[in-house]
Amino acid sequence: MALPPGVVEIDELVLVTELRAGSSAAFERLVRHYGPPMRAAARRLLKNDEDADDALQEAFLAAFRALATFEARSKLATWLHRIAVNAALMKLRAKGSRAQETADVDELMPEFVGLGVFSTPQQRWSELPEDPVVRQELCGSVRAAIDELPEPYRVALVLRDIEELSNEELAEQLGVTVNAAKIRVHRARQALRTLLEPRMEGLA
Amino acid sequence: VNCARFQVAVHEYYRGTLSAAEHVEVETHAGVCPPCGRLKATCEEIACKEVVGFLPEYLEHELAPARKRLFERHFDICPDCSAYLHAYRSSIALAAEALAEPAEAPPLSEELVRDLVARAKKPKP
């Protein structure tokens, strides 16, 4: 995980020892060093700054409480990242996102006719643009398309394809069966594909 | 219908968008031309709908070898499924790229750092 400007590499073992001893200077170092990427991960799931700040607060408190269980052989950054993602998910649940679970993406799924062939010919997408400016612009459109997905699908996509959780871990986080988790990710990717289609055909 | 036309028309045949005359011509041609007959048989091995339904298993190498070969034969002859697979993969790659953490996440505001440190100092509930 990259460091914010002006922050030097720190010795994790020393930091953890100082934290366990209750040093508030060490805690401030922890916050400044690991806070920015943790906040970015929470922000990605929660989509809003205030909620991301709240999740970050919860994450640091949880990390502080769990410090005794932290094992020196795992990376502190990875451990804290997971805690931040968990805090963001708790926040999502607390916000009652379940109400939205009825929202569906049926109209973004491909249509089949007859014996199960595509109802319309599928256009081949052009290769991704190499020009960094065009590419950045495209990434902006992709973020907008991901934001258009109903929350349960957006969250499943972020956890599986960006946080790289396994299907089993995803199922556990979402509180559904492994099969249901796989289906949700598949539908989310298909919906994203449909939302990106006009843009990708435009590039051809 | 010649072989070149057949390769395009066979997909329209299954979509049900050919004229009645062309529909019959496709069937007749498949009956007399062995390569085109094999192409039509391959089209009938598995439906696009089923291929699309199992894309995650295909991409994650969870299909049994014989079934994986069946999918690959289908991608070779079906322009719709091969285009869909390409777009599906591109979508995953683009999502990962678009949401990747910036190389340098912006620093936390001083106010937030103060809040975080202050809360950690409070007695635990």
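**A histidine at the chain A–chain B interface**

Trainee: Why is A:His186 called buried?
Mentor: Buried means under 20% relative accessible area, exposed over 50%, partly exposed in between (1.4 Å probe, protein chains only). A:His186 has 7%, so the residue is buried. This is a predicted model: local features need pLDDT of at least 70, side-chain atom pairs count only at pLDDT 80 or more, and totals for chains, interfaces and linings use all residues. Side-chain values use heavy atoms, without hydrogens and water, residues are numbered from 1 along each chain as its sequence is written, and chains are lettered from A and ligands numbered from 1 in the order in which they are written.

Trainee: What is A:His186 in contact with, leaving aside its neighbours within four places in sequence?
Mentor: Contact means heavy atoms within 4.5 Å. On that rule the partners of A:His186 are B:Val52, B:Gly53, B:Leu55, B:Pro56 and B:Tyr88. The side chain of A:His186 also reaches the backbone oxygen of B:Val52 at 2.8 Å.

Trainee: What makes A:Lys182 and B:Glu57 a salt bridge?
Mentor: The term needs a side-chain nitrogen of Lys or Arg within 4 Å of a carboxyl oxygen of Asp or Glu. For A:Lys182 and B:Glu57 the closest N and O atoms are 3.6 Å apart, and the pair is a salt bridge. Across the interface of chain B and chain A the rule finds six.

Trainee: How many residues of each chain are in contact?
Mentor: 48 residues of chain B are in contact with 62 residues of chain A.

How values were computed
A polar contact is a pair of N or O atoms within 3.5 Å; within protein, one must be able to donate a hydrogen and the other to accept it, and residues adjacent in sequence count only if both atoms are side-chain atoms.
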